[in-house]
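This briefing goes through one protein chain by topic, from its overall build to single residues. Please keep the sequence and the model at hand while reading.

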Amino acid sequence: MTVEADWVHRFADEVIAEADRRAPGKPIVCASGLSPSGPIHLGNLREVMTPHLVADEIRRRGVDCVHLLSWDDYDRFRKVPAGVDPSWSEHIGKPLTAVPAPPGSSYGSWAEHFKAPMLLAMRELGIDIEPISQTQRYTSGAYRAQILLAMRDRERIDAILGRYRTKAKTRATDDEDEAAAVEGSGAAAEDDGTAAAGYFPYKPYCAVCGTDFTTVTGYDDATTELSYTCACGHAETVRLSEHNRGKLVWKVDWPMRWAFEGVVFEPSGVDHQSPGSSFVVGGQIIREVFDAEPPIGPMYAFVGISGMSKMSSSRGAVPTPADALEIMEPSVLRWLYSRRRPNQSFKLAFDSEHLRLYDEWDGLARKIGDGRAAPADVVAFDRAVRTSTAPLPMTPRPVSFRTLASIVDITTGHPEQTLRILRDLDPEQPITSLDEVRPRLDCVQRWVTTQLPADQRTQVRDEPDKELLASLDDRQREALRLLTAGLDEHWSLEGLTTLVYGVPKQQLGLPLDTKPTAELKVAQREFFALLYTLLVGRDTGPRLPTLLLAVGADRVRRLLNDEA
Ligand SMILES: [Zn+2]
């Protein structure tokens with residue numbers, strides 16, 4: 001098969017060529033950055049997924065490639081989120097790794113608490129990353145030479161930042177928190193190092209109170225002695241050549257790391273790429289200060305979230321990748337990203353749009369099975385279902401999500417009833433174990449429980465609607481008799497489909513293979529509404545053949561026949 005050149009393929013070509021030019025023979029470095037300042041927003045998944053797909057394509061070609069995930073866990077704790085004990089405000093200004101985890105958490109710090117579910121989600125998604133803790137890097141002195149260099153070159157850095165400062169000031173700051181929540185990394189609102197005593201790109205964390213409410217008051221290039229004062233009253237002079245408790249400001253920190261790690265590919269969100277934003281400024285700083293080149297850094301567009309019900313997120317209003325994995329298989333979530341170029345925005349739907357997504361996914365799988373799919377679709381599917389090292393878990397018998405949702409809705413997830421209905425769907429190749437429809441079935445169960453509104457849940461009647469049955473005319477009675485008489489013979493999804501559409505045809509004296517006419521459609525609609533009313537007490541519901549299978553033949557006969 002010839003490989004279709006999709007966006008992933010084209011970036012991999014570009015990255016390999018660039019890496020060959022910059023550092024031939026060394027493993028290629030792709031990078032992502034995330035801040036564990038709170039729950040990792042589902043919108044941030046693109047920050048990780050984009051380099052993952054490119055790194056995976058590079059590995060598929062047998063080229064050594066690492067995907068670094070930089071955790072910005074040495075960033076300051078900015079504010080106490082709603083729902084957390086207000087006493088946590090005493091930690092504002094400390095590094096995220098020095099803040100206790102939210103109440104009730106078993107993790108050692110705020111940062112670890114919010115990293116953990118994202119790490120788990122990435123593992124489920126087959127995203128193979130090498131995590132880097134910025135706390136570990138800074139406090140071990142790993143960046144010593146780079147920090148001293150940045151301090152020595154502070155005037156040059158100040159001048160570069162100065163080119164953009166006026167523009168930056170005009171940017172609205174009201175939605176900084178929101179921007180920070182969905183941006184891949186970096187502190188959106190961090191100051192750039194300007195102080196009364198001059199410009200200093202390094203900010204110490206106070207030796208006494210541990211916060212960064214510090215101000216650098218002087219720096220001596222010859223001795224590397226740095227003096228600072230803190231809002232707590234502490235003041236001291238430290239030797240920067242030995243000091244491991246502070247960090248470069250974000251706009252210098254990011255390009256420093258590109259140079260330190262030799263990053264060749266790191267995309268970023270739309271907010272990082274406007275004039276004066278960190279990617280643009282970082283590109284200048286890495287060239288002029290760190291004597292290296294910025295990564296190939298495409299901008300990725302916003303991923304919206306729609307139709308998520310409140311009850312489905314255990315973490316308040318913030319949807320996370322783990323929430324998405326509750327209702328969709330990892331390969332389907334991967335597919336949303338592999339099939340679109342990073343600069344295409346899209347919405348990730350939790351409501352009934354989700355059923356349409358699954359229909360599309362199953363449709364593509366069938367087309368690929370029959371060899372009818374377009375090459376670009378085949379490539380996007382292939383990136384979704386496997387990585388260079390392993391296949392993603394797949395559902396062996398992918399019964400439509402829609403059908404499974406109806407079954408789970410009606411049975412309220414009861415395993416024996418669910419299996420009975422599944423077995424009846426296709427008697428020629430019966431499903432004999434729920435494992436054959438897992439993990440999809442688990443996703444369906446969570447979707448029905450958390451996303452299907454209570455007023456759309458199906459309640460099968462316990463007792464026949466005697467009043468309605470007594471009011472039926474002869475023609476309606478005849479229709480019900482034809483249906484109940486044919487149940488046993490047609491007891492499969494396909495058979496019952498033929499039967500429910502066939503009864504009105506029989507009544508109109510039409511052959512079973514007749515094409516639908518306007519008159520027939522009216523008759524079918526009326527018949528279906530009558531069946532829904534008698535079975536579930538409303539005039540709509542899950543597809544009738546699924547509903548009949550779920551209700552069971554005996555109960556259907558009882559509900560449709562007042563003489564029983
Ligand atoms: Zn202090």
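Among contacts in the protein chain (heavy atoms within 4.5 Å) between residues at least 6 apart in sequence, 71% join residues at least 24 apart. The model is a predicted one, in which local features need pLDDT of at least 70 and side-chain atom pairs count only at pLDDT 80 or more, whereas totals for chains, interfaces and linings use all residues. Residues are numbered from 1 along each chain as its sequence is written, and side-chain values use heavy atoms, with hydrogens and water left out.

**Overall build**

- The protein chain holds 22 helices and 14 strands, where helices (H or I, at least four residues) and strands (E, at least two) are DSSP runs numbered from the N terminus.
- Its C-alpha trace spans about 105 × 55 × 40 Å along the principal axes.
- Of the 564 residues of the protein chain, 51% count as buried, a term that stands for under 20% relative accessible area, with exposed meaning over 50% and partly exposed in between (1.4 Å probe, protein chains only).
- The accessible surface comes to about 25,400 Å², and 50% of this belongs to carbon and sulfur atoms; the areas come from the Shrake-Rupley method with a 1.4 Å probe, and for residues only the protein chains shown count as cover.

- Once neighbours within four places in sequence are left aside, the contacts of Tyr337 are Trp7, Leu42, Leu45, Arg46, Met49, Leu53, Val303, Phe346 and Leu348.

**The cavity**

- A search of the whole structure finds one cavity of 30 Å³ or more; on a 1 Å grid over the protein atoms alone, a cavity is a set of points where a 1.4 Å probe fits but cannot get out, and lining residues have an atom within 4 Å of a point.
- The largest cavity has a volume of about 80 Å³, where grid points are joined across faces, edges and corners and the volume is the space filled by probe spheres set on the points.
- The lining of the largest cavity consists of Ala31, Ser32, Leu68, Ser70, Trp254, Arg257, Trp258, Glu261, Val263 and Glu266.
- Two or more lining residues come from each of β1 (28-34), β2 (65-71) and α8 (250-261), and α8 gives the most, with four residues.
- This lining divides into five nonpolar, two polar and three charged residues, where Ala, Val, Leu, Ile, Met, Phe, Trp, Tyr, Cys and Pro count as nonpolar, Asp, Glu, Lys and Arg as charged, and the others, Gly among them, as polar.

**Helix α21 and its cover**

- Helix α21 (residues 544-551) is mostly covered, with eight of its eight residues buried, and the elements that cover these residues include α14 (401-411), α15 (415-425), α19 (493-507), α20 and α22 (553-560).
- Thr403, which lies in helix α14, is buried with a relative accessible area of 10%, and, leaving aside its neighbours within four places in sequence, Thr403 is in contact with Leu425 and Thr546.
- Just after α21, Gly552 takes a positive phi of about 95°.

**Backbone features in loops**

- The peptide bond from Arg438 to Pro439 is cis, with omega near 10°, and Pro439 is placed in the loop between α15 and α16 (440-451).
- Thr224, in the loop between β7 (214-220) and β8 (225-230), has a positive phi of about 60° although it is not a glycine, and Thr224 counts as buried at 11% relative accessibility.
- Asp291, in the loop between α9 (278-288) and β12 (299-300), likewise has a positive phi, near 55°, in a residue other than glycine, but Asp291 is exposed, with a relative accessible area of 69%.

**Surroundings of Cys206**

- Cys206 is found in the loop between β6 (202-204) and β7 and is buried, with a relative accessible area of 1%.
- Beyond its neighbours within four places in sequence, Cys206 is in contact with Thr211, Thr214, Tyr228, Cys230, Cys232, His234 and Arg245.
- Cys206 and Arg245 are 39 residues apart in sequence, and their C-alpha atoms are 8.0 Å apart in space.

Methods: On a 1 Å grid over the protein atoms alone, a cavity is a set of points where a 1.4 Å probe fits but cannot get out, and a pocket is an open set with protein on both sides within 12 Å along at least five of seven lines; lining residues have an atom within 4 Å of a point.
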